[in-house]
Amino acid sequence: MQKITREQLIQKASELLENGTVSAVLGWGIGEFDYDVTPTVFSTVEELKNGFVFNDFCGANFSKYLVKKTDKIEGKILVFLKPCDTYSFNQLLTEHRFDREKVYAVGIPCEGMADIAKVKAISGDGIAAIGSDGDKLVVTTLYADEPVVIAAKDVLAERCINCKSKKHVAYDELMGEEGEVIESNRFDEVARLEAMTADERFAFWQNELSRCIRCNACRDACPACTCEKCVFDNPNSGVENKSPANEFEEKLFHIIRAYHVAGRCTDCGECSRVCPQNIPLHLLNRKFIKDMNDFYGEYQAGAEVGGRAPLVDYTTEDLEPGEVFDRGDNNA
Amino acid sequence: MRKCSLDKINLLFKEIAKNAELYLPQDQTDGSATYKKWEEGSVWSNVLNTVRSPKDFFFPQTEDLMAFKTEGKNIEVIDTRKALDDFVIFGVRACDVKSFDILDRVFLSEPVDSFYALRRSHGVIISLACGKPSETCFCKTFGINPAEPTGDISAWKNDTDIFFEANTQKGKDLLEKLIDLTEECDDTAVVEQKAKIDAIMNKLPLKDLKTDAFGGGKTAELFNAPEWDELSGACLGCGTCTFVCPTCQCYDIKDFNTGNGVIRFRCWDSCMYSDFTKMAHGNNRLTQKERFRQRFMHKLVYYPENNDGLFSCVGCGRCLVKCPISMNIVKVMKKIGGKKR
Amino acid sequence: MNNINDTLIPKIGVITDVRIDTPDIKTFRVVTPDGKKAFDHKPGQCAMLSVPGVGEAMFSITSSPTNEEFMEFSIKKCGCVTDWLHQAEPGQQITIRGPYGKPFPVDDVFAGKDLLFIAGGVGLAPLRSVINYCRHYRDRYGKIDIVYGSRSKDDLLDYKEIIEEWATDDGVNVHLTIDNPQEGWDGHVGFVPTFVKELGFDTNKVAVLCGPPIMIKFTLDGLCEIGFDKTNVYTTLELRMKCGVGKCGRCNVGAKYVCKDGPVFRCDELEELPSEY
Amino acid sequence: MQVNEYKPLIVAFCCNWCSYAGADLAGNNRLAYPADVKIIRVPCSCRVNPMFILRAFQRGADGVIICGCHPGDCHYTSGNYFTRRRMAALFSMLDFLGIEKERTRVEWVSAAEGAKFAATMNDFVQTVTALGQNKRLEDLRCKK
């Protein structure tokens, strides 16, 4: 259950719209069911009242939308940012991807977002309604006579279980209290894989990546993937193959995708959230983050505007590529 | 009508797999299901439907069309088509069975696509009625009855048994081979099952979705609707909806240079991609709005116009579940169709 | 398996001649390896040419169907496939499949009528096939007017053929124009749409338009201004194509597929389609 | 013996200023290294994009080695420092995906180190030979 309510957000947005601070609001639009929300631009108070929603399923990271939306809108756009979104926000500013002056950022607290697949795994399919009661979700289905009550913490999205920070690193205004950076266990799964034998790891990824349908959702949702022209869309790159024709293509795509955002990935987890095949893509990104932390010192992309990512930096004393295995392997 | 006890279902699978490759929905490690080849020990999944639609069987995501060998200025075209074994797809839902009709009208119309036709002729479809439709199901909107799935053999399942009824000669032949494992029965249990499904269908949240506002000849009316801007506003331009869709059939033909020759292959393409219509001298669908509009106009207006009013959507609900931003055909139909113009 | 033909599987074609028309347009003569024409076609139809490993693209067949020996393609250098073709030499094999699309209605609608052909730049390529067809069956048609414009004198496609053959035919009038004044050019200077208006044709004829989209738009407006009815004006469209047979799903404008229902459209039909071309 | 018949295909990306000259020197000095090493000259070791390495494997390479100037000696001042970081990240990722880490290597070879070049190549070829054919990053279409 979120600490902040839909009504509070609408009130804040309405105020800012009415006093002319902003001319549009980037928020979550109501869906057909209680869990399918669509990022929507609202420009009047009326629209907000009819279509704005805030609940446990508002996972989408709005930062990337600012690249396109700030181009189109006269005046400022109000954006609500959860703590993890603010890291992407900063990272995009570092890369000069949108005009900070055109954005009014309101930080909002987040208690972690729910994963509808996890909800359905408990409640069963055929959801009629999802309500909330304290820290519980009350799920009414077409098939169960009684509503199913689920503890919100049991259906948290993976990225929220391993939330790295409740602290907002960028905002113009903060609603609620400032949180703290959390000592998370987000690298545990990476370490678990590292501890496996190479054969086991290969089998693990072979199984996961074999499901890829190359829909590009991971790339298109990623706030770090904002190239005007992606190498995978460039017919002259030699890798524009559009389909995971075989195991090599699957690996190539995912290695390069993760590599291109290495050092810039804020670990927002959008890639895994949007993957229609539930491939744990965030593990690839986290591996890079973990490696860079280990090799070159702690670095959190987006913690501040203008940070110098490890891969565009160097020291004369860096370890040699051959040495990485002596350190990392099997003892993390 | 013939029935088989669910206890003996694996014997039934084994018998089918003796003569043909058998594919059925099986669980994957991530909790979803996909069609996999049956082998001893395979377990039939309980999920309502698979993430990937069974269109893969007839129109795979990637398939080689031909190969070329080049030597100096000369080119040799090598036909790489191979003979195909018979295969059986088990547990196809009513919506997905209907999707084959929609694909047939594209690929089997003149000139016939021989790659598709070959697969189609070797496949036997055993459909399965939906006992527990999901909230995202809206097949009824398109005149599909999940209690009456078509296909070569229709099947219904209750708690104890599975019931079969052959609809085509292919289906009859297959059921004939299963005669020892099945027994003749009347349709009492199936009628009961159908009534249950009908009752559920009337409770589904999308049961009242109507297609009245769409169909052939509506291009002028709908193409410039102001709602497209708003609807497409959040679209990421990924291909998830098109790739999980059982009726999306757009493809690309590409060449892959292997170093020893060239393979020309065809793969799924998505109208949502920016390079879908990109030519050397420009692109006629420059923004995501135009690409987004193309997808839905195609399903709801253009396709029916060319195919006697048949819509190119079967209401399977995959795009509702999988779209990263939860924008989908239902929202489009309600928004665009709900307006008086 | 090899006995089933599939439209996607092409034939081999050999480039037997390459003619340099303008700095960026070359005309390629293509036959099968045994020296025959690859297939019969009608004026306005297209063919898919491909270079294995480079790609496949749709080109209009420039030569007239009455030519029984070979096919010609006038191709402007502007993309991967065309770049590659431009460096090809005679003897080079390519692949070819077709014919695709709906032809110009030369045998019914056009029969007995006066014809006006208007082309800009490489837009003459698809029209050359019709023009030569009509010249071949000269007695079936009335007066023929040809308006052709290009950027400069050097960019006029088939200049030699126009001057030596078309302009000397009875009942064929050729009107040439270039965009900007140029030394050695004493003909008309100006854009095609205005030139058409200046020439001021009588309107009881069929007009066929082809050229860049902007030229088509303004010329069509011009024709309407001088009294042409859109039902008497034809044009051809071009969009990205992959299959050529209305299945791959990318060249549609509204419910029409350019590869299958086009590329020839009557302008009043075109008007009913969404403006997505 | 069967084992001896397998000859791995090695792709060596060599920096124009140091390692390529080192390879040249090895040749001039008649220092032997296996002919299965295919050298690709690059302006700087940091020109090597991760995609190059994956594509080399796709096209049938069994091992890929990148040779550049010694750290501090880069013709472009800092190119090889970036190589060092990039390749460390990439190799670690390949290992994470279960692809044999011994198939990829970075080595610093100066223009004067002909002997080191030959020794490095001999050693790398030996290592890759012991691993056998590249199966985990292969593209079967390219092996026909």
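How many residues of chain A are in contact with chain D, and how many of chain D with chain A? In this predicted model, 33 residues of chain A are in contact with 34 residues of chain D. Two residues count as in contact if their C-beta atoms, placed from the backbone, lie within 7 Å.

**Ground rules.** The model is predicted: local features need pLDDT of at least 70, side-chain atom pairs count only at pLDDT 80 or more, and totals for chains, interfaces and linings use all residues. Residues are numbered from 1 along each chain as its sequence is written, while chains are lettered from A and ligands numbered from 1 in the order in which they are written.

**The side of chain A that touches chain D.** Helices 7 (188–194), 8 (198–209), 10 (247–260), 12 (282–296) and 13 (324–328) of chain A each supply at least two residues to this side. Helix 10 of chain A gives the most, with six residues. Helices (H or I, at least four residues) and strands (E, at least two) are DSSP runs, numbered from the N terminus. By class, this side of chain A has 21 nonpolar, four polar and eight charged residues. Here Ala, Val, Leu, Ile, Met, Phe, Trp, Tyr, Cys and Pro count as nonpolar, Asp, Glu, Lys and Arg as charged, and the others, Gly among them, as polar.

**Confidence in chain A.** The mean pLDDT of chain A is 91, and 98% of its residues reach 70 or more. pLDDT is the predictor's confidence in each residue, from 0 to 100. Over residues 328–332 of chain A the pLDDT is below 50. Beyond near neighbours in sequence, that stretch has ten contacts in the model.

**A sheet in chain A.** Five strands of chain A form an open sheet in the order 2-1-3-4-8, with mixed pairing. Strand 2 (38–42) and strand 8 (173–174) of chain A stand at the edges, each with a single partner strand, so one side of each is left without a neighbour in the sheet. Strands pair if DSSP finds at least two bridges between them. Strand 1 (residues 24–29) of chain A runs antiparallel to strand 2 of chain A, and five bridges join them. One bridge pairs A:G29 with A:T38 in strand 2 of chain A.

**Domains.** Domain bounds come from an automatic or database domain assignment. Chain A is divided into domain 1 (6–114 + 160–174), domain 2 (117–152) and domain 3 (188–328). Chain C has domain 1 (11–100) and domain 2 (114–236). The table sets out two domain pairs.

| Domain pair | C-alpha centres apart | Residues in contact |
|---|---|---|
| Domain 1 and domain 3 of chain A | 27 Å | 17 residues of domain 1 with 16 residues of domain 3 |
| Domain 1 and domain 2 of chain C | 24 Å | 15 residues of domain 1 with 14 residues of domain 2 |

On the side of domain 1 of chain A that touches domain 3 of chain A, helix 4 (residues 83–94) of chain A gives the largest share, nine residues. That side divides into six nonpolar, seven polar and four charged residues.

**A helix in chain C.** Which residues of helix 4 (residues 192–199) of chain C are buried? They are C:V192, C:P193, C:F195 and C:V196. A residue is buried if 20 or more other C-beta atoms lie within 10 Å of its own, exposed if 12 or fewer, and partly exposed in between, with C-beta atoms placed from the backbone. Seen down the axis of helix 4 of chain C, its buried residues fall within an arc of 165° (taken from the directions from the helix axis to the C-beta atoms), so they line one face of the helix. Their packing partners in chain C include strand 7 (114–120) and helix 5 (213–225). Just after helix 4 of chain C, C:G200 takes a positive phi of about 55°.
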